Amino acid sequence: MNPQELFCLNIDCVAKGQRGRGNIQIHSQKEKRCICTECGQTFSFSKGTLFYRLRTEPEIVIKVIILLAHGCPIPAIVAAYGLDERTIKRWQQLAGRHCQAVHEEVVEKKQLDLGQVQADEIKVKMQGFTVWMAMAIAVGPRLWLGGVISQQRDKALIAGLVAKIRKMALCRPLLLAVDGLASYPGAFVRAFRSPLPRRGAGGRPRLLSWPDIAIVQVVKQRKADSLAIRRRIFQGGQELVERLLLQTQHGGVINTAYIERLNATFRQRLAHLARRTRCPARESATLTAGMYILGCFYNFCSPHKSLRLKIWITELTWRWAQRTPAIAAGITDHIWTPTELLWFRVPPEPWSPPKQRGRRSKETLKLIEKWCS
């Protein structure tokens with residue numbers, strides 16, 4: 001146990017969520033408990049992680065999650081480890097919520113120069129009904145930006161996905177490539193706008209569209225003996241589109257190949273998405289958990305062959321430096337192991353002084369100066 005890597009999780013503690021403050025000490029080495037010297041509360045070393053209050057050894061749980069993230073169906077894990085099926089499903093739900101929190105903390109809170117984003121939907125057959133899974137990818141770093149699941153392929157599904165993209169995008173030249181679904185262009189136009197400062201009192205602020213936003217569509221029409229593909233530019237000029245294509249994918253034509261490859265990866269490595277699968281998901285929550293587990297493994301733990309860099313040691317010898325999408329996007333500086341991902345602690349919101357009228361007390365001012373400086 002390294003107390004310097006931990007933080008207090010007490011919602012009333014002024015040192016809540018802050019690492020390296022020196023307020024976390026070891027309380028019991030045998031019971032693996034720590035104590036916060038600021039609020040005096042003790043907590044387990046595993047609190048705030050996937051393994052909190054689990055009776056099974058963490059090594060077994062990690063192996064089961066790795067198998068789930070690589071397409072192994074639950075009946076096979078039951079036969080291999082002798083575990084109960086309900087236990088594995090519970091671990092999957094816990095790991096899904098944990099990976100969702102990690103993705104929201106590490107990826108969605110970043111402001112990135114995305115360059116080109118491609119979005120698409122997958123039709124998933126559940127047990128007795130179907131749902132739609134909409135996902136997006138940043139083409140340059142191959143970064144999975146997130147996904148939304150809904151029972152209807154409607155405007156709400158597309159708006160939820162577009163909101164995730166808008167949250168992470170910097171106001172830079174951006175190419176948005178989608179299929180022929182009519183909901184995408186309008187959702188992108190409405191999302192990528194910023195309010196202007198208001199003059200006077202009251203009223204809704206005027207919204208200004210972002211400059212250099214290009215929206216393109218790839219419309220595929222299947223015929224009896226051929227496949228017709230039409231590429232059209234909904235917004236932006238031809239010169240801007242060609243420049244962004246050269247910048248993000250080294251040229252080529254308008255396409256949605258990168259998101260389609262990501263869809264194939266998800267279908268291969270998530271048992272519920274396999275075609276003609278014998279283990280469909282029964283609830284949308286199960287599919288959401290699997291999506292975030294696989295998405296985090298894809299972003300942080302799986303090196304991408306197209307992202308590797310050639311490092312020359314001498315004039316005649318060289319080696320490949322493997323990179324994950326998170327490394328290529330500048331989010332992290334190393335390849336995460338599954339253990340590091342599942343033990344990652346998401347810090348809570350930092351402590352803020354209570355709202356009150358009048359002058360603050362001297363004790364409150366001292367706390368603000370000590371912990372919020």
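1. Is Arg-53 buried or exposed? Arg-53 has 68% relative accessibility, so Arg-53 counts as exposed (exposed means over 50% relative accessible area, buried under 20%, and partly exposed in between, using a 1.4 Å probe and protein chains only). You'll find Arg-53 in the loop between strand 3 (42-44) and helix 1 (58-68). Have a look at its backbone too: phi of Arg-53 is near 65 degrees, a positive value in a residue other than glycine.

2. A word on what you're looking at. This is a predicted model, where local features need pLDDT of at least 70 and side-chain atom pairs count only at pLDDT 80 or more, while totals for chains, interfaces and linings use all residues. Residues are numbered from 1 along each chain as its sequence is written, and side-chain values use heavy atoms, with hydrogens and water left out.

3. Now the overall picture. The protein has 11 helices and 13 strands (these are DSSP runs numbered from the N terminus: H or I of at least four residues for helices, E of at least two for strands). Its C-alpha atoms fill a box of roughly 70 × 70 × 60 Å along the principal axes. Of the 373 residues, 43% count as buried. Among contacts (heavy atoms within 4.5 Å) between residues at least 6 apart in sequence, 59% join residues at least 24 apart.

4. Next, a helix pair. The axes of helix 3 (residues 85-106) and helix 8 (residues 284-301) come within 8 Å and cross at roughly 50 degrees (axes are lines fitted to C-alpha atoms, for helices over the stretch in contact, with angles from 0 to 180 degrees between N-to-C directions). That makes helix 3 oblique to helix 8; under 35 degrees would count as roughly parallel, over 145 as roughly antiparallel, 65 to 115 as roughly perpendicular, and the rest is oblique.

5. Which residues do the touching? Helix 3 brings, among others, Gln-92, Gly-96, Cys-99 and His-103, and helix 8 brings residues including Ala-289, Tyr-292, Cys-296 and Phe-300. The residues of this contact divide into nine nonpolar, eight polar and no charged (Ala, Val, Leu, Ile, Met, Phe, Trp, Tyr, Cys and Pro count as nonpolar, Asp, Glu, Lys and Arg as charged, and the others, Gly among them, as polar).

6. On to the cysteines. A search of the whole structure finds zero disulfides (pairs of cysteine sulfur atoms within 2.5 Å). For Cys-34, the nearest cysteine sulfur, that of Cys-36, is 10 Å away.

7. Cys-171 sits in the loop between helix 4 (155-168) and strand 7 (174-179). At 41% relative accessibility, Cys-171 counts as partly exposed. Leaving aside neighbours within four places in sequence, Cys-171 is in contact with Trp-210 and Pro-211.

8. Asp-212 lies in the loop between strand 9 (207-209) and strand 10, and its phi is near 60 degrees, a positive value in a residue other than glycine. At 40% relative accessibility, Asp-212 counts as partly exposed.

9. Last, helix 5 (residues 183-191): Ser-183, Tyr-184, Pro-185, Ala-187 and Phe-188 are buried there. What covers them includes strand 4 (116-125), helix 4, strand 7, strand 10 (213-222) and strand 11 (227-235).
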